[in-house]
Amino acid sequence: MVGLLVGFAIAHSGLAALRPWGESKIGARLYRVLFALVSIPFATVLIIYFFNHRYDGAVLWQIQDVSGVKTTVWILSAISFIFLYPATFNLLEIAAIQKPQVHLYESGIIRITRHPQMVGQVIWCIAHTIWLGTTFTIVTSLGLIAHHLFAVWHGDKRLTKRYGEAFLKVKERTSILPGLAIFDGRQTLQGKEFLKPAYVGVTAFTLLFWFIHPWLMTVTSRVNW
């Protein structure tokens with residue numbers, strides 16, 4: 001699992017770092033397709049491997065039958081998806097139908113944290129570590145969190161290089177820790193900014209995942225990895 005996580009981190013972050021160069025050679029749309037062709041299969045392998053080995057190693061705790069634990073884990077997972085998928089605001093760009101671009105946001109969930117995917121991943125890892133309680137899950141969670149913490153530094157570096165002073169001003173007005181910029185008055189939540197189809201889509205996806213989760217466990221268990 002450590003090997004898979006390191007490989008994914010190198011592929012994903014490496015392609016992100018090479019984006020300006022790659023787009024200059026083959027164009028933004030084709031580079032987006034290349035990025036997807038590398039990242040999606042790699043992520044799929046990671047997910048299936050995690051599902052099939054989640055109970056490997058030592059079981060440090062088993063609290064799945066404790067009242068309220070299942071509900072807590074699902075609530076945390078739902079919250080994590082809202083943070084994990086802010087890129088759904090630009091589905092046409094993700095699919096390379098429109099020309100993919102790098103955007104400088106300072107609205108919606110960015111008011112809560114400048115790096116929502118990192119926050120979402122940490123919440124997801126906490127939820128699943130609570131639920132599973134195995135050493136394998138702890139190693140996986142630490143690896144995922146480490147990659148996303150690197151992505152915080154790497155993302156800020158790339159945006160600084162691309163936008164310069166404009167990003168530095170956004171950086172001053174936002175925070176990495178969720179809610180800190182709101183707490184100290186640098187940001188104010190605007191409810192209307194969350195009334196977007198993307199959030200409806202993420203909510204629907206979370207509900208769908210609730211219902212297909214048992215089926216997904218059964219299907220992935222048939223993959224002999």
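Contact, as used in these legends, means that heavy atoms lie within 4.5 Å. The model shown is predicted, so local features need pLDDT of at least 70 and side-chain atom pairs count only at pLDDT 80 or more, while totals for chains, interfaces and linings use all residues. Residues are numbered from 1 along each chain as its sequence is written, and side-chain values use heavy atoms, with hydrogens and water left out.

View 1. Phenylalanine 50 lies in helix H3, where helices (H or I, at least four residues) and strands (E, at least two) are DSSP runs numbered from the N terminus. With a relative accessible area of 6%, phenylalanine 50 is buried; the word buried stands for under 20% relative accessible area, exposed for over 50%, and partly exposed for what falls in between, using a 1.4 Å probe and protein chains only. Not counting residues up to four places away in sequence, phenylalanine 50 touches Met1, Trp124, Leu132, Phe136, Thr137 and Thr140.

**View 2. Helix H3 and what covers its buried residues.** Helix H3 has 26 residues and reaches 37 Å from its first C-alpha to its last, close to the 38 Å expected at 1.5 Å a residue, where the expected span of a helix is 1.5 Å times one less than its number of residues. The buried residues of H3 are Ala28, Tyr31, Phe35, Ser39, Leu46, Ile48, Phe50, Phe51 and His53. Their cover includes H1, H2, H6, H7 and helix H10 (197–221).

**View 3. Glutamine 64 in the loop between H3 and H4.** Glutamine 64 is placed in the loop that joins H3 and H4, and, once its neighbours within four places in sequence are left aside, glutamine 64 is in contact with Tyr55, Trp131 and Leu132. Its side chain makes a polar contact with the side chain of tyrosine 55, at 2.9 Å. A polar contact is a pair of N or O atoms within 3.5 Å; within protein, one must be able to donate a hydrogen and the other to accept it, and residues adjacent in sequence count only if both atoms are side-chain atoms. The side chain of glutamine 64 also reaches the backbone oxygen of tryptophan 131, at 3.0 Å. Glycine 133 is 69 residues from glutamine 64 along the chain, and the C-alpha atoms of the two are separated by 9.3 Å.

View 4. Serine 77 sits in helix H4 (residues 69–84) and counts as buried because its relative accessibility is 5%. The side chain of serine 77 reaches the backbone oxygen of valine 73 at 2.8 Å, and, apart from neighbours within four places in sequence, serine 77 is in contact with Ala127 and His128. Histidine 128, found in helix H6, is buried too, with a relative accessible area of 16%. A polar atom of the histidine 128 side chain lies 3.0 Å from the backbone oxygen of tryptophan 124. Leaving out residues up to four places away in sequence, histidine 128 touches Ser77, Gly133 and Thr137. In helix H4, the buried residues include Val73, Trp74 and Ser77, and what covers the buried residues of H4 includes H6 and H10.

**View 5. Helix H7 and its surroundings.** Helix H7 has 29 residues and reaches 42 Å from its first C-alpha to its last, close to the 42 Å expected at 1.5 Å a residue. Among its buried residues are Phe136, Thr137, Thr140, His147, His148 and Leu159. The cover over the buried residues of H7 includes H1, helix H3 (28–53), helix H6 (116–132) and helix H8 (165–173). After H7 comes glycine 164, whose phi is positive, near 60 degrees.

**View 6. The lining of the second largest pocket.** The second largest pocket is lined by 13 residues, of which Ala16, Ala17, Pro20, Arg158 and Lys161 lie nearest its centre. On a 1 Å grid over the protein atoms alone, a pocket is an open set of points where a 1.4 Å probe fits, with protein on both sides within 12 Å along at least five of seven lines, and lining residues have an atom within 4 Å of a point. Helix H1 (2–17), helix H2 (19–26) and helix H7 (135–163) each supply at least two residues of this lining, and the largest share, 6 residues, comes from H7.
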